[in-house]
Amino acid sequence: MPGRARPRRNRQESRNYITKLGENDGSFRHPGVIGDGDLDKGQASSRRSIVDGMKRTRKSVLNVNREEGVLYTVKVAERPQKRGDGPPPQSDGSHQYTISKMHKDRSTWMGRFCRSFGIKLMEHEDVDSHLYRPSKSLAGYITWTFYASFSAVFLSFLVIFIVFSLVFAGFYALAGEFVPECIVVSGMPYGSNPESKFGDAFALSWTTFTTVGYGNVYTATGNDFEISESEDCAAVVFLCTLESFLGLIYAGMCAAILFGKVNRVQSHAHLTFAYAVCLQYESVDLDEYVDEALSDSDVDDLITEEADEDNKRVKDDCKSSSFNIAAKKRQSFREKFRGCPVIKFQVVNDFCNKAGGEIIDGIMKVVGIKSKRRDGKITYSQYVRVNLEDFEHPFFGKVWHGVHILDSTSPLLTDSAKQKIKVNGGSWPEQWFQQPEKVRRKLDFQSLVVTVAGISNVSACTVHAYKRYKFQDVIIGFDFAPLVYENESTGKLEVDLGQVNDVREQHKGSGEDLRSVHTPIDEARNQSGTSETNGEFSRNSSTLFQERRLTM
C-alpha cells in the first residue's frame, strides 16, 4: 500500500500504547485524530467547552438514572415550532442527523398487493431486519376491533359482508350478460326477467359467500341447458369458487376477532377503584382498637364454639383480658408509621357480595410518574417504583387498601423533604402537619398508576385492571370510610358498594378544605345557586365531590 509504512505492533504492545496515551490527559486519543495541541488557543478552548458540556450532560443523565426507585427515564426534547423545521440546535454545538436507508423498496402496486398476502416478488436487501411485515390496513382494523364496542364490531362485520357481496354481484351480472345460460335462476337462464337481473346476481353472491346455497340461483352444469362446451362457464365457476373461499376465510377471521374480544373481557378484573387517593397522617376513629391494616374485612370472623365447656370458659376469660391489653398497647397512627403520613389506595371487588368471586394471589403495584425540570422546562420524565406495605393478597374478596409510607426513601417526595426527614430521625417535622398545603408541597409526582393482577376464581384466568390518578386526586387529611357491615339476616360480612368513594376527615390535624379550589363549573353552580343545594363541587380534577350528611 503506498504511503508511509507504519510499524506493526502485537496485541500486548497495542494495549500498552493505548494505556500510555490515556495517561497523558485522562482521555484516549487516536494518533490520527487532531488533538488540542494541534489547534490554536481559541479552537482548543472551544473544543474543551464542548467536551465539558457533553460530560456534564452525561453526568446529569447518570445521576437521574441512579436515583432510588427509578425504573425508567425518558429524555424530553424541545419540539420544533413548525413541522419540517427540523430539530432545534443543540446548546453544545453538536449536530443531529436523520438516518435513512440507501436502498429503499421500490415496489409497485402489484408487489404491495402480493405482500399483503405474504407473497414477496423479490428478496429484501436488509436480511438482518425483522422480515414480518403484516398489512397495515388489516393490522389497523384488527387493532381497532379491540378498542371498539361489540356493537361497532358487529356493524363493521355487516358492512364488509355487504361490500363483498355487492362486488361479486357486479361480477356475476357482467358474466351473465355474456353467458346467461351459465347462471340458473329458478330453472330459467339468467336474464329471463330483465327487472331482477342485479337482484338475482346479488342472491347468487351472498348465498355463495355464506355457503348457504338455497338452490334458487346456482351455476349451470352440462345437463341444464345442454351446454356444448364446459369451458364457456369456467369464469362463472371460478368466481363462485373464489367467493366461497373468501367467505370461509372471512367467517374464520370474524370468529377469531370475537374470540379475542371475549378473551379480553375475561382477562379484565372486575374491580372498582376509588376516585380519590387519601393522604392520612392522623387516625380517623378515636375508639378503634383494631389494626387498620387488617380491617379490610376479607376474613370472616366467625368463631365456632367447641363442645368442651372448660375450653369455652378459658376462651371467655382470654377474650375479656385481651381487650384490655389491646387497649393499653394500642399504638397511635404516627407510632405505627414511624411519624410519617401514608398514601392509601382503595380497590373493591365487584363480586364482593357473591360467593366464588375472589381473586387468588392478587398483586398490587404502583408506579409514579414524575418529571425533572430545568430552567422552567421539562427535561426528563421518570417512572418510579412505589413500594407498598402489603402488595400481595392471597384471597382478595372484598376490599383492599394499598398503603405507601411517605418516609425518607419514598420516591414521591421532593429531595429536600427526604433530606429533612433523615435529619429529623426518619419522621416528619411536626410543623409540616399544621397546614395541609405544607404537606402537598412536599409531594413530587404528576400521576400514579395502580395495577392489580391475579387469578379470577370465576373464569380461572389471569385478570388485571389499572387506574391512573392525577396529582389533584390526592386529598390530604382524609381516610376511606368503612364499607363492610354485618348482614343481620345472614350473619355474614358484606360490602356497601354505595360508599366506595366516601371519605372521612381525620380528627387530629384537620384535613384540607375540599371547597377551597373551584373550577369554572363550580363558580357557575354557585352563581345559579345549585351548588349550595346539591353540595357538589370539584377541585381541578375529574373527581366530583358530594358532601354526605351522616345521621347518627
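1. The structure is a predicted model, in which local features need pLDDT of at least 70 and side-chain atom pairs count only at pLDDT 80 or more, while totals for chains, interfaces and linings use all residues. Residues are numbered from 1 along each chain as its sequence is written, and side-chain values use heavy atoms, with hydrogens and water left out.

2. Taking a disulfide as a pair of cysteine sulfur atoms within 2.5 Å, the count is one. The disulfide links Cys182 and Cys233, with an S to S distance of 1.9 Å. The angle about the S-S bond is -85°, and the link of Cys182 and Cys233 is left-handed. Cys182 sits in the loop between helix H5 (150-178) and strand S2 (183-185), and Cys233 in the loop between strand S4 (217-219) and helix H7 (234-266), so the pair ties together parts 51 residues apart in sequence. Helices (H or I, at least four residues) and strands (E, at least two) are DSSP runs, numbered from the N terminus.

3. Cys182 and Cys233 are both buried, where buried means under 20% relative accessible area, exposed over 50% and partly exposed in between (1.4 Å probe, protein chains only). Cys278 is buried too, at a relative accessible area of 1%. For Cys352, also buried, the value is 6%.

4. Strands S12 (residues 447-456) and S13 (residues 462-470) pair in the antiparallel sense over nine bridges; pairing requires that DSSP finds at least two bridges between two strands. Opposite Thr451 stands Tyr466 in S13. S12 and S13 form a hairpin with five residues between them, and Ala460 in the turn has a positive phi of about 60°.
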